[in-house]
Amino acid sequence: MASAVLKLSAILMLVGLCFGDVSHVVSQPVTEVCLGCLCQAVSGCKQGVGCEGDHCGLFRMTWAYWTDAGKPTINGQSPDATDAYPNCANDPYCAAAAVQGYMSKFGQDCNGDGQVNCYDYMAIHKLGGYGCTGELPFQYVNVFNQCVAAVSNFQG
């Protein structure tokens, strides 16, 4: 139980510190809690993950994802710079901005419940903007759902 409380506290702290100020993003369809739970489901929100193969950062995004998100950058770096993508993907603020941009572009009702919400963003993030109605990996969904439930319980 103590381990779960510590993990939840870490998630909430990460949500607040890393994703709390994405105000420079014009459209923010994804809530801070949703960003935190996406991060938890994809990478365990382990800072310093870096790039492995063609996936980088806390959100394990690809170059194509970053491009579709509008190529956000940090510190005014040119999006055409050779290291613009990994620099953004490995920076929590920029990576959160990229997720927001991607969801602004591809946001849709993936599960057919008549609304576009965090569960749809979870599917879009994992399966892409054109395949979000496909089958999601059980472990990914399980970790995501546990995170959402834990945050809901914590918030009352």
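This is a predicted model: local features need pLDDT of at least 70, side-chain atom pairs count only at pLDDT 80 or more; totals for chains, interfaces and linings use all residues.
Q: At roughly what angle do the axes of helix α2 and helix α7 cross?
A: Helix α2 spans residues 32-43 and helix α7 spans residues 138-155. Their axes come within 8 Å. α2 passes α7 in a right-handed crossing. The crossing angle is roughly 140°.

Q: How many residues of the contact of α2 with α7 are charged?
A: From α2, the contact draws on V33, C34, G36, C37, L38, Q40, A41 and V42. From α7 come Y140, V143, F144, C147, V148, V151 and Q155. They divide into 12 nonpolar and 3 polar residues, and the number charged is none.

Q: Is S43 buried or exposed?
A: S43 lies in helix α2. Its relative accessibility is 11%. The cut-off for buried is under 20%, so S43 counts as buried.

Q: Which residue has its backbone oxygen 2.6 Å from a polar atom of the side chain of S43?
A: The S43 side chain also has a polar atom 3.1 Å from the backbone nitrogen of C45. Leaving out residues up to four places away in sequence, S43 touches L58 and R60. The backbone oxygen at 2.6 Å belongs to L58.

Q: Are α5 and α6 roughly parallel or roughly perpendicular to each other?
A: The axes of α5 (residues 92-106) and α6 (residues 118-127) come within 11 Å and cross at roughly 100°. Angles of 65 to 115 degrees count as roughly perpendicular. The two helices, α5 and α6, are therefore roughly perpendicular.

Q: Which residues of α6 meet α5?
A: The α5 side supplies V99, Y102, M103 and F106. The contact residues divide into 6 nonpolar, 1 polar and no charged. On the α6 side they are Y121, I124 and H125.

Definitions and conventions:
Residues are numbered from 1 along each chain as its sequence is written. Side-chain values use heavy atoms; hydrogens and water are left out. Axes are lines fitted to C-alpha atoms, for helices over the stretch in contact, and angles run from 0 to 180 degrees between N-to-C directions. Helices (H or I, at least four residues) and strands (E, at least two) are DSSP runs, numbered from the N terminus. A crossing is left-handed if the near helix is turned anticlockwise from the far one by less than a right angle, and right-handed if clockwise. Contact means heavy atoms within 4.5 Å. Ala, Val, Leu, Ile, Met, Phe, Trp, Tyr, Cys and Pro count as nonpolar, Asp, Glu, Lys and Arg as charged, and the others, Gly among them, as polar. Buried means under 20% relative accessible area, exposed over 50%, partly exposed in between (1.4 Å probe, protein chains only). A polar contact is a pair of N or O atoms within 3.5 Å; within protein, one must be able to donate a hydrogen and the other to accept it, and residues adjacent in sequence count only if both atoms are side-chain atoms. Angles under 35 degrees count as roughly parallel, over 145 as roughly antiparallel, 65 to 115 as roughly perpendicular and the rest as oblique.
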